[in-house]
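Here is a brief report on one protein chain. Look over the sequence and the model before reading on.

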Amino acid sequence: MKTAFGIDIGGSGIKGAPVNLKTGSLIGKRYRIPTPEVSTPENVAATVKKIVDHFDPSPGIPVGVALPAPVIHGEVTWMANLHGDWVGTNVETLFRTYLGRDVTVVNDADAAGYGEAEYGAAKGIPGPILVTTLGTGIGSALVVNHELVPNTEFGHLTLPNGKEAEHWAASSVKEREGLSWEEWAARLEDVYSQFELLLNLDLIIVGGGISKDANNFLPLLKTRAPIVPATLKNSAGIIGAAALAARAARIRDLAEAQATATKKKKKR
Ligand code: BGC
């Protein structure tokens, strides 16, 4: 498999592009549509369909969708930053209905984490690595030896000051409260020091749109493990979602081949 298609659903925009799986880079320009104001599953799925239709990937191309929520066996169990109707929705069924093809749905930070581990800032590093995304919320992905511990939600950790990590230090909070880089960096340190207390990490990666300004705040942070910006920048979610969809397709193909081989053996 050389190509897959990735879509990243965020609090402010939904973006997608075909991905070259060998290089981990976008093929051409990504297409972005603002997230519908009423961000129900149906409205978002209709927007995702527009993005997929724009590129019209051939039927054999795996499609991966990254969602800002934990996705447990195809179902959203909790939704912090989009419409509450997502909770309890089987998102694989939802997107299959809208797109007319199988879709792999994963958590957005997991997608970014997998992307960074396979192609970006964590490439070749066994870990444990924590990839964090700073945006509307705070997302987390724990990666060890190319394997994800899926659906970690460290952004909802309660800090010693009683605040929830993402309510204290997401980049949306910086913007909303007009915090200076220094003020925001102090808040980020409150968050990362707790992550480091609980997880013994070899590397911390900072992603999300604001990671393009990493020079303004990463040097202000004191952490035990090295802390570096995501190299796939804002495309990590698209790239990781595509790569995880291709991985899921490979696993499915393998399982099917094994089932066919077992059937043949039984017939003999
Ligand atoms: C969600 C996570 C998500 C993160 C970043 C959090 O509020 O619970 O699942 O990864 O935001 O979008």
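The sections below cover the overall fold, the surface and the nonpolar cores.

## Overall fold

This is a predicted model. The chain has 268 residues. Its secondary structure comes to 8 helices and 13 strands.

The radius of gyration is 19 Å. A compact globule with 268 residues would have a value near 18 Å, so the chain agrees with that expectation. Along the principal axes, the C-alpha atoms fill a box of roughly 65 × 40 × 35 Å. Among contacts with a separation of 6 or more, 61% join residues 24 or more positions apart.

## Surface and charge

Of the 268 residues, 52% count as buried. The accessible surface comes to about 12,800 Å². Carbon and sulfur atoms hold 52% of that surface.

The chain carries 28 positive and 28 negative charges. Their mean positions lie 11 Å apart.

## Nonpolar cores

The largest nonpolar core has 30 residues. Those with the most contacts inside it are Leu134, Trp184, Leu188, Tyr192 and Phe217. Two or more residues each come from β9 (129-134), β10 (138-144), α4 (165-169), α6 (181-198), β12 (203-207) and α7 (214-217). Helix α6 gives the largest share, 6 residues.

What does tryptophan 184 contact, leaving aside its neighbours within four places in sequence? Its partners are Leu134, Ala169, Ala170, Ser171, Lys174, Leu179, Ile210 and Phe217.

Methods. Residues are numbered from 1 along each chain as its sequence is written. This is a predicted model: local features need pLDDT of at least 70, side-chain atom pairs count only at pLDDT 80 or more; totals for chains, interfaces and linings use all residues. Side-chain values use heavy atoms; hydrogens and water are left out. Helices (H or I, at least four residues) and strands (E, at least two) are DSSP runs, numbered from the N terminus. The radius of gyration is taken over C-alpha atoms; the globule rule is 2.2 Å times the number of residues to the power 0.38. Buried means under 20% relative accessible area, exposed over 50%, partly exposed in between (1.4 Å probe, protein chains only). Contact means heavy atoms within 4.5 Å. Accessible areas come from the Shrake-Rupley method with a 1.4 Å probe; for residues, only the protein chains shown count as cover. Lys and Arg count as positive and Asp and Glu as negative; His and the chain ends are not counted. The place of a charge is taken as NZ of Lys, CZ of Arg, CG of Asp or CD of Glu. A nonpolar core is a set of buried Ala, Val, Leu, Ile, Met, Phe, Trp, Tyr and Cys residues joined through side-chain atoms within 4.5 Å.
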